[in-house]
Amino acid sequence: MGFSEIKGHERPLRILQGTIRRNRIPSALLFTGDSGIGKRSSALIYLQALNCLERQDGDACGACTSCRKIASGNHPDLLSIQPDGGEIKIETIRSVEEFLAMKPYEGRKKAVLIDEADAMNINASNAFLKTLEEPPADSVILLITANPDTLPDTIRSRCFQVRFSPLPAAAYNAVLNAAQSTEIDDTARRLAKGRPGLALAGTHGADARRCAELYAAMARGETKDAWEDRQDMEQWLALAPLVFRDLAVARIGAGEPLLVTDAPKTEDIGTVLEKYRAVQRVQTRSAFNLNKGITWQYVSEIVRSKKWEVGSRESGAGSQEEL
Ligand SMILES: [Zn+2]
């Protein structure tokens with residue numbers, strides 16, 4: 001057990017294990033990389049290794065009482081933080097400060113694990129920065145984020161950054177196959193490529209299939225909008241680029257389709273690109289309270305047109321202006 005449990009992240013794990021071997025443990029670490037690739041699992045192994053009672057060569061045994069407590073979330077020296085209502089607030093950061101102010105109870109290190117660290121609001125970030133500037137002795141703070149660019153520079157620059165990449169195909173398939181209990185549909189597997197956490201969550205696949213179905217409805221000329229609400233519409237607009245990608249892939253005859261398995265091979269590639277751009281422009285406007293019914297008609301018009309010439313539409317006071 002230990003680091004070898006994690007598949008496909010050899011490089012970052014070697015770096016992490018090295019910090020323990022050489023006893024150069026950073027007081028703050030930042031794990032970055034896409035959602036669903038194993039940052040949190042890796043973080044837990046690292047935290048296990050820090051406090052493992054049977055540690056060997058900088059790795060966790062996975063079986064001692066300390067390792068088991070960390071795995072089950074019951075170690076008194078580990079505080080795990082997650083956003084509450086999409087946000088990490090200053091009260092939570094205060095509780096981190098209080099937690100770190102005390103000496104380790106039974107382990108070598110006190111550790112705080114902050115998931116989705118980019119969800120810290122401005123007050124929380126400012127308070128947290130002070131903690132980072134004066135890290136208490138025997139403490140480790142581990143931040144996880146898929147969006148490091150949204151963290152303030154002042155926080156990022158004080159952390160030892162460890163980058164995680166989507167898994168290579170072999171490791172990805174191995175992780176999914178090992179999770180036999182969950183049935184993963186093919187769409188989810190293809191879409192989540194290299195991100196097993198997303199494939200296992202499954203929702204991605206269902207959303208994507210629905211996106212393809214609504215696209216087909218537009219192509220058939222259904223005039224009544226089929227979006228349930230604004231959120232549904234926005235989600236469709238966010239996923240729609242994948243449909244156009246599939247149309248392009250079908251035309252070129254290269255690559256696997258992600259959503260549309262029966263895309264026509266006849267559509268002119270330039271037209272596909274123009275349609276793609278036109279829908280993307282609608283998406284960038286979705287912050288402006290688009291009317292659902294009108295947007296459906298407008299997007300349907302793009303989808304159905306044989307030749308979509310953006311210039312001619314934008315010059316006049318066409319339906320786009322009414323959006
Ligand atoms: Zn152990």
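View 1. Cys52 is buried, its relative accessible area being 0%, whereas Cys61 is partly exposed at 23%; here buried means under 20% relative accessible area, exposed means over 50%, and partly exposed lies in between, with a 1.4 Å probe and protein chains only. Together with Cys64 (SG) and Cys67 (SG), the atoms Cys52 (SG) and Cys61 (SG) are the protein donors of the zinc ion, lying 2.3 Å from it. Donors are N, O and S atoms within 2.8 Å of the metal (3.2 Å for Na, K and Ca), and since water is not among the atoms, sites may look incomplete. Along the sequence, the donor residues of the zinc ion follow the spacing C-x8-C-x2-C-x2-C. The arrangement is tetrahedral because the four donor atoms around the zinc ion subtend angles of 103 to 118 degrees. Four donors count as tetrahedral if all angles lie between 85 and 135 degrees; four count as square planar and six as octahedral if opposite donors are over 155 degrees apart and all others between 65 and 115; anything else is irregular. The model is predicted, and local features need pLDDT of at least 70, side-chain atom pairs count only at pLDDT 80 or more, while totals for chains, interfaces and linings use all residues. Residues are numbered from 1 along each chain as its sequence is written, and side-chain values use heavy atoms, with hydrogens and water left out.

**View 2. The whole chain, for orientation.** The protein chain has 15 helices and five strands, where helices (H or I, at least four residues) and strands (E, at least two) are DSSP runs numbered from the N terminus. Its C-alpha trace spans about 70 × 40 × 30 Å along the principal axes, and buried residues make up 43% of the 323 residues in the chain.

**View 3. The largest pocket and its lining.** The largest pocket holds about 540 Å³ of space. Of the 25 residues that line this pocket, Gly36, Ile37, Gly38, Lys39 and Ser41 are the closest to its centre. Helix 2 (39-51), strand 4 (139-145) and helix 9 (196-201) each supply at least two residues of the lining, and helix 2 gives the most, with four residues. Grid points are joined across faces, edges and corners, and a volume is the space filled by probe spheres set on the points.

View 4. Within helix 13, the residues Thr295, Trp296, Tyr298, Val299, Ser300, Ile302 and Val303 are buried. At the start of this helix, a side-chain oxygen of Asn291 reaches to within 2.9 Å of the backbone nitrogen of Gly293.

**View 5. Two aspartates with positive phi.** Asp57 is not a glycine, yet it has a positive phi of about 55 degrees. Asp57 is placed in the loop between helix 2 and helix 3 (65-72) and is exposed, with a relative accessible area of 52%. Asp138, also a residue other than glycine, has a positive phi near 55 degrees. Asp138 sits in the loop between helix 5 (122-133) and strand 4, and at 41% relative accessibility it counts as partly exposed.

**View 6. Thr32 and its polar contact.** Thr32 lies in strand 1 (residues 28-32) and is buried, with a relative accessible area of 5%. The side chain of Thr32 makes a polar contact with the side chain of Gln161 (3.4 Å). A polar contact is a pair of N or O atoms within 3.5 Å; within protein, one must be able to donate a hydrogen and the other to accept it, and residues adjacent in sequence count only if both atoms are side-chain atoms.

**View 7. Arg68 in helix 3.** Arg68 is found in helix 3 and is partly exposed, with a relative accessible area of 49%. The C-alpha atoms of Arg68 and Gln48 are separated by 8.4 Å, although these residues are 20 residues apart along the chain.

Technical notes. On a 1 Å grid over the protein atoms alone, a cavity is a set of points where a 1.4 Å probe fits but cannot get out, and a pocket is an open set with protein on both sides within 12 Å along at least five of seven lines; lining residues have an atom within 4 Å of a point.
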